[in-house]
Amino acid sequence: MSGAGPVEPGEGTHAWDDTDMPRPPGRPRGRLARRYHRHRSAVLGCAAALAVLAGSGYLYAGRPRQPPPPPLPYPVQVVDLVYLDAVPGPGGAEPGDFSFAVLLSVRSGRPVTVTRLAQPYDGLAMTSSPTAPFQTKSHSARKIIVTLRVTECEKAPRNLGLPFLDVTLRNARAIQAHSFILGSRYARDLSQALQAACDQDSG
């Protein structure tokens, strides 16, 4: 046979093919790729941990939240001050002194302290028992005896319509000054006491 053509493999032999040759394991190209290849298990572990943390953060952020507790009330919102009655003056009271009882109640919240108790009228001086400051617990009441003394009849009020007491209150939230109107019975009793004291003084 003559001519130039491909050489046929002999019997029992076969031609080498590139696909039959074992290839060396491929190496990642580039520095970062080689590092990833070397530390692939650590990278995958970190990625899994980050995924777990992200999921936990999402669940934590989406959890039902408890509503914040309501703010503490201001002291004037929980305190009542009411007039009880005129009382005999304490021992050593001078003629013309007018003593009366009021009841201070704290309905709720924290204890309330009376830091100041005063009356607004010129010509009158005032004392109280107990003397300020004193504290009253929540859901309780305290009886206070107030004594007024006429110091100048010319400046003392006459025919009082809505007399009041100035009280400064403090609790865990705030300090507040408030004027408590004690009602018509207090106005009548106080007017009569002032009239009697000044009539006696002028006589």
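1. Start with strand E2 (residues 98-106). Of its 9 residues, 8 are buried, so E2 is largely enclosed by the rest of the structure. Buried here means under 20% relative accessible area; exposed means over 50%, and partly exposed lies in between (1.4 Å probe, protein chains only). Strands are DSSP runs of E with at least two residues, helices are runs of H or I with at least four, and both are numbered from the N terminus.

2. Keep the ground rules in mind. This is a predicted model, in which local features need pLDDT of at least 70 and side-chain atom pairs count only at pLDDT 80 or more, while totals for chains, interfaces and linings use all residues. Residues are numbered from 1 along each chain as its sequence is written, and side-chain values use heavy atoms, with hydrogens and water left out.

3. Which strands pair with E2? E1 does, in the antiparallel sense, over 8 bridges. E6 also runs antiparallel to E2, and 9 bridges join them. Two strands count as paired if DSSP finds at least two bridges between them. Look at two positions along E2. Val106 in E2 stands opposite Val79. Phe100 faces Val146 in E6.

4. The whole structure holds 5 aromatic pairs. One of them is Tyr83 with Phe100: the pair is tilted, 5.8 Å centre to centre, with 50 degrees between the planes. Tyr83 sits in strand E1 and Phe100 in strand E2, 17 residues apart. The rings of Phe, Tyr and Trp (its six-membered ring) pair if their centres lie within 6.5 Å; planes under 30 degrees apart are stacked, over 60 edge-to-face, and the rest tilted.

5. Tyr83 has another ring partner, Tyr186. Their centres are 5.3 Å apart and their planes stand at 55 degrees, so this pair is tilted. It links strand E1 to helix H4 (residues 184-202), across 103 residues. Are these two tyrosines buried or exposed? Tyr83 has 8% relative accessibility, so it counts as buried. Tyr186 is buried too, with a relative accessible area of 1%. Tyr83, Phe98, Phe100 and Tyr186 form one aromatic cluster.

6. A disulfide is a covalent bond between the sulfur atoms of two cysteines. Here Cys153 is joined to Cys198, S to S 2.2 Å. The link is left-handed, with -105 degrees about the S-S bond. Cys153 lies in the loop between strand E6 and E7 and Cys198 in helix H4, so the pair ties together parts that are 45 residues apart in sequence. Cys153 is buried because its relative accessibility is 15%. Cys198 is buried at 5%.

7. Now turn to the open sheet of 4 strands. Its order is E5-E3-E7-E8, with antiparallel pairing. Why does one side of E5 and of E8 lack a neighbour? Both strands stand at the edges, each with a single partner strand, so one side of each is left without a neighbour in the sheet. Strand E3 (residues 112-118) and strand E7 (residues 164-170) pair over 5 bridges. Leu117 stands opposite Val167 in E7.

How values were computed: A disulfide is a pair of cysteine sulfur atoms within 2.5 Å.
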